[in-house]
Amino acid sequence: MSEEKCSETRRRFLKTTALGVAAAPFASIVVHNRSALADMERLSESDEAAQAVAYVHDAADADDPAYEEGQICGNCALYSDQGDGWGGCSVFPDKLVAEEGWCNVWASAG
Ligand code: SF4
């Protein structure tokens, strides 16, 4: 192997290793959060806190002047996807909300 090719290989190895070490703590946080979400109960529409923000499991049932077509929990900035149609929400830290749901705290993710 030429000196130049050896240096390139060494540079690539060091860069990959540094990225791996930097990403490791975040990977465990994601796994922990997903694990915590799996243990949580689903929010009920009759829950007092849910009713306070007009939460519904299906955005099509939203009956609130703040609702705009296309808004669902799944595209809300406060939603954490769990992958099974339910996920976490910053407004309800101890309950899961429906990915197709909605409430009047909906916030644009972009
Ligand atoms: S804040 Fe967003 S994710 Fe949470 S219930 Fe309301 S619309 Fe859904």
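Helices (H or I, at least four residues) and strands (E, at least two) are taken as DSSP runs and numbered from the N terminus. The structure is a predicted model, in which local features need pLDDT of at least 70 and side-chain atom pairs count only at pLDDT 80 or more, while totals for chains, interfaces and linings use all residues. Residues are numbered from 1 along each chain as its sequence is written, and side-chain values use heavy atoms, with hydrogens and water left out.

The chain contains 2 helices and 4 strands, which follow the pattern α-β-α-β-β-β along the sequence. Of its 110 residues, 25% are buried, where buried means under 20% relative accessible area, exposed over 50% and partly exposed in between (1.4 Å probe, protein chains only). A contact is defined by heavy atoms within 4.5 Å. Among contacts between residues at least 6 apart in sequence, 63% join residues at least 24 apart.

Helix α1 spans residues 3-38 and includes Ser-35. Ser-35 has a relative accessibility of 41% and therefore counts as partly exposed. The C-alpha atoms of Ser-35 and Gln-82 are separated by 9.3 Å, although the two residues are 47 residues apart along the chain.

A salt bridge requires a side-chain nitrogen of Lys or Arg within 4 Å of a carboxyl oxygen of Asp or Glu. Lys-95 forms a salt bridge with Asp-47, and their closest N and O atoms are 3.6 Å apart. Lys-95 belongs to strand β4 (residues 92-98) and Asp-47 to the loop between β1 (41-42) and α2 (48-52), so the pair ties together parts that are 48 residues apart in sequence. Asp-47, at 23% relative accessibility, counts as partly exposed.

The ligand is surrounded by Tyr-55, Cys-73, Cys-76, Leu-78, Tyr-79, Cys-89, Val-91, Phe-92, Cys-103 and Trp-106, each with a heavy atom within 4 Å of the ligand. This shell divides into 10 nonpolar residues, no polar and no charged; Ala, Val, Leu, Ile, Met, Phe, Trp, Tyr, Cys and Pro count as nonpolar, Asp, Glu, Lys and Arg as charged, and the others, Gly among them, as polar.

Trp-106, one of the residues around the ligand, is also a partner of Ile-72. Ile-72 lies in the loop between α2 and β2 (79-81). Not counting residues up to four places away in sequence, Ile-72 touches Ala-59, Glu-99, Glu-100, Gly-101, Trp-102 and Trp-106. Ile-72 and Trp-106 are 34 residues apart in sequence, with a C-alpha to C-alpha distance of 7.7 Å.
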